[in-house]
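Trainee: I am new to this structure. Please take one part and walk me through it closely.

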Amino acid sequence: MGGIDLQRSLVEVLTGAGLSSGAAKAIWMPLPMILIVLVVTVGALVCTWLERKISAAAQQRIGPEYAGPFGILIPVADVAKLVIKQGTPPAKSDPLLYTLGPAIVFISVFLCFLVVPFGQNLLISNIGTGIFFVIAISSIAPIGLLMAGYASNNKYSLLGGLRAAAQSISYEIPLALAALAIAMMSNSLSTIDIVSQQADYGLLSWNILRQPIGFVIFVIAALAECERLPFDLPEAEEELVAGYQTEYTGMRFALFYGGSYANLVLAGMLVSILYLGGWELPFPIDQVGDMLGIAPSTAWWQIITAMLGITAILLKTYFFVFTAILLRWSVPRVRIDQLLDLGWKFLLPIGLFNLLLTAALKLALPSWFGG
Amino acid sequence: MVMIETKAERMVINMGPHHPSMHGVLRLIVTLDGENVVDCEPVLGYLHRSMEKIAENRTIIQYLPYVTRWDYLATMFTEAITVNAPEKLANVPVPRRASYIRMIMLELSRIASHLLWLGTFVADIGAQTPFFYVFREREMIYDLFEAATGMRMMHNYFRIGGVAADLPYGWVDKCEDFCHYFLPMVDEYERLVTNNPIFRRRVEGLGTIGREEAINWGLSGPMLRGSGIKWDLRKVDHYELYDELDWDVQWDTGGDCLARYFVRVREMRESTKMVLQCLKQMPGGSYENLEAQRMQAGPKSEWNSMDYQFISKKPSPTFKVPSGEHYVRVEAPKGELGVYLIGEDNVFPWRWKIRPPGFINLQVLPQLVRGMKIADIMAILGSVDIIMGEVDR
Amino acid sequence: MLKFLSKVGAYAKDAVQAAKYIGQGMGVTFDHMRRRPITVQYPYEKLIPSERFRGRIHFEFDKCISCEVCVRVCPINLPVVDYKFNSEYKKKELKSYSIDFGVCIFCGNCVEYCPTNALSMTEEYDLSTYDRHELNFDSVALGRLPTKVTEDPLVTPIRELAYLPKGAMEGHQVDHRQRRAGQRPEELMAESKEGTEA
C-alpha cells in the first residue's frame, strides 16, 4: 500500500548521515509525541475560538473581534491569562487529589490521541487494540473528575463529580457497543484497518451508510462523554454553579478546560474515523491517480494525497465539532434521571440490537458487511 | 415505584443568594437525598429596601421614581398602581388619550416582562440562546420607552391624572412596526423551544398546581391562569379602558410549568394585538400631532379642553392624599399587583401596603419542589417568575 | 409479540419526532448565523440617546430664582440650593447650586417642575470617575455644555428604533440621511391648512 512513511524516511536520512539505526530511532521517538501534543493543543484552542464565534453568530452577536484577525488570538490570551493566574485551593481540600484530578483528566484525553491517525502512516502507534484502547483510556477520565469533585470540599463539586462518574459509566457501554459493531465489520480493532476498509468506493463505502443506527448511538454517546450541552450535567451552570470545576482556577482549571475541548476534538476524530471514512476523500483518490496515470509511489503524489487526507479528516472532525457547538446553543439540558434513562433504556438496547443486526447481516451479506 | 432502601446522609445545600440561577438574591436552603430534593426553605430579605416605609414620608411625585425598583422588569405596572391608588382615592379622572397611552405602555411592558421571563426560564433549563433573542426584541421595546419617557427602565412616566408627556412624533408608526415585527418572532421562539423534546420532558407535568390549590395559595397571574382559572383583573376590575379593546383572557388547564409557559407566550401575542388596537383607536387628535393642532388653533383654542391639554398641566407636587383607605390592584405580568392605601388628608400617605405578586406566588415553591430532582428546582422557580425587587421590596 | 412490535413502533416514531424537533430548533439557530449581528460595538459605535433622554442635568445659574421646588420634588431632596435673602431688593440671591450625581437617580422631577426652566436634561450618560466626590457637580460644572455622541469623530452614532424611518427595525442598516417616521408638526399644519383652504 502507498502512503508516506516519515519514520522510515527520517531514519534512512539519519543513518545515511552516519548514525547508528538505534540512535536514529531514538531521535525520531520524541518528535511525534511533541507533534501530537502541539496538534491536539492547537486543535482544542481552535475549538474554544470556534465555540465563541459560532455561539456569537447563532445569537446575532459578533464575538471576539479585536484580538487578532477575527479574534483568532483570543485562545492565546485565554491560555496566557490562565497560566499566570494564581491557583487558590479551597480550605480543607485534599491537596494531592485536588491537583491530581485535572492532571488525570488531561492525560487520559491526550493518551487517546496515540492511536488516532491523520493518514496512512501518520499516527504514533498502530496498536492492534486501537479503538478499544481509546475507550479504555477515556474511561479513566471520570476518576479524575470524581477526584476533583471530592477533593474540592464543596457540595456542588461533589454532586458534579458524582454526576460525571454516573454519566461516563452509563455512556461508555453504548459507545463501546457502537464501536464493537464497526470492529466486527472491519475484522479489526486497529484504527488504520477500520479506515482502509472504508476506502474502496469513496463516499459510498463509508460506514455511516452501513451503520446508521450505530452512528446515531455513537454521536449521542460521544456528546455525553464530552459533557456537551444536552448532557453537560456535571458542570450544569444553572444547577451546580460549575460542578466539579467550581473551585478551580488558573492552570488546574486550564487543564479541565483544555481537556474538555481536546475531548471534543477526539470525539470528532473518532466519529470521522469510524463512520466518515477517516482521511479518505468522498471519491477514491487512488483511482483518480490511476486514471491520471500517476504511479502511487510518486513522491509528490504521495505528499498531495497525504495533505488531502489530513485536510479531509480535519474537515470531518470540525464538522462534527461545529454540529456539537450548534447543538449546544440550541437545546436545553436533560435531567439526570432522563439522562440515565436515555443511556440504559434507549441507547443500550438499541446498541445491542445494532450489534445483533450487524452480526446477522455480516453472515447474510458478507461481501457488503465485511465477511 | 419500589425504590431500594439506601441509607444515605442527607446533604443540606445552600443555593444563593449568589447562585447563577437564583433570580437575584433569593436563597434556598435545600435538603438533598442524592439528587432528590427532600425539603426546601426560601430565605428572603436580601434586597429589602423599606419601600413601604419610604412611601410614608414621600409625596406621590417624590415616590414615583422609587416604584420602578419594585419589579424592575415590568416597571410600567408599578407606576400604574402608584398613580391609580391616589387617583381612585381622590376621584381624579383620567383623560381618554392618557388612558390609551397608559394601556399601550402597560401592554408593551407586559411583553417586555414576559420576554425576559421566557429567556431566563429557558436558560434555567439549559438553553442559553433564546435569552439573546428575547433581548433583541426587549431592546426594541426599551427603545420605544426611551423615546417616549426618557429612560429605558426607570421611566417615571405616569402621573396622577395622566402621563408625564405625550408620545413623540413618529412613535406610533414605530410602535406599529414593532408589533408587526414581533409576532413572527414569537413564532420563531416557539419553533426553537416549544416542541423541543428535551424542553417538553423537562417541564411537562412538573410543578403541578391544581385549581383549588392555586386559589387557596392566593396565586395570581399566569400561575393562576395556568391552573385553569380564567381570572384576569383587566376583565374583572375594568380599569383603564380595557373594555374598549377586543381581547381574551389567556389560560390553560395543565397547571404545570408547560401550561404557565403557554399562558405567557399567548399573553405576549394577545398584548401585541391589544397594542395594535390601542394605536388604531387612540383618541385626542389624529396620532401624536397635538402640537400641530395647537399651533394651528392658536393659544386659546378648544384644544385647551381637558382631553388635549392634560399633558402640560402638571399634577401638583403637593397633591394631598385624601382621608380614607382602599385597596387598588392591577394585573401585572406576574400577577395581581395591589396597593392598600390609607390617606389622612396629607401630602404623605399614612400607610402604603404593597401586595407584590411575586411574594405571594413564591410561597408555593417549597411544596412544588419537594420530592423533585435538584434540576427541577430551577425549572419550577423559573416558571413561578419572581423578581426579588418586588418580593423583598 | 404484536404488542411488543407496536410498542417498538411507537418508540421509533417518538425518536423520529424528537429528532425532527431538535433539527427544527437547530434550524432556527443556524438561520441566525446568516443574520447581521444586532449588537452595538460600544466604544466605537454608540446609540444616540432619545430627545427625552434623562442624562446629566444642565443648570443655568442666571435663570434660577432659588425657589427650591427642585428640592421638594426630588425623592431625596438632593439639590443643594445656597442662597441669601437680599433685603434691599426683596429677592433671593443664589450663591451656589450643586447636585451630586453619585446619588441622583435621574428621575427628572426637578427638571419637570422647575418654574423657570433653569434645569434641563442632557444626553450625557457616561459619568464614571475614579473618585466619587468628582460626581458632586457645582453650578459651574452643571453649566457645562454636554458632549454629544453625534459630534464625536471617533464614534459611529446609531439611531434607536423609535427614530428610524417607518419599516426599518435595525439602526445599523439605515442610512443616516433617511428621515425618521412620522410627520413633523409644521408639516401636519401645512397639510391641514391646505385641507381647510381647499
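Mentor: Start with a definition: the radius of gyration is taken over C-alpha atoms, and the globule rule is 2.2 Å times the number of residues to the power 0.38. Keep in mind that this is a predicted model. For 371 residues, a compact globule would have a radius of gyration near 21 Å, and chain A has 22 Å, so the two agree. The C-alpha trace of chain A spans about 65 × 55 × 45 Å along its principal axes. Chain A has 16 helices and zero strands. Of its 371 residues, 52% are buried. Take contacts in chain A between residues at least 6 apart in sequence: 78% of them join residues at least 24 apart.

Now the close look: where chain B meets chain C. Chain B brings 54 residues to the contact, and chain C brings 50 residues. The area buried between chain B and chain C is about 4,500 Å². Carbon and sulfur atoms give 57% of that area.

In a salt bridge, the side chains of B:Arg152 and C:Glu160 meet at 3.2 Å, N to O.

Which helices of chain B supply at least two residues each to the side that touches chain C? They are helix 2 (60-67), helix 5 (129-149), helix 6 (171-193), helix 7 (197-203) and helix 12 (290-297). Helix 6 of chain B gives the largest share, eleven residues. By type, the side of chain B that touches chain C has 26 nonpolar, eleven polar and 17 charged residues.

How values were computed. Residues numbered from 1 in each chain as written. Chains lettered and ligands numbered in written order. Predicted model: local features only at pLDDT ≥ 70, side-chain atom pairs only at ≥ 80, totals over all residues. Heavy atoms only, no water. Contact = heavy atoms within 4.5 Å. Buried area = accessible area lost by both parts, 1.4 Å probe. Salt bridge = Lys/Arg side-chain N within 4 Å of Asp/Glu carboxyl O. Helix = DSSP H or I, 4+ residues; strand = E, 2+ residues; numbered from the N terminus. Nonpolar A, V, L, I, M, F, W, Y, C, P; charged D, E, K, R; others polar. Buried < 20%, exposed > 50% of the residue type's maximum accessible area, 1.4 Å probe, protein only.
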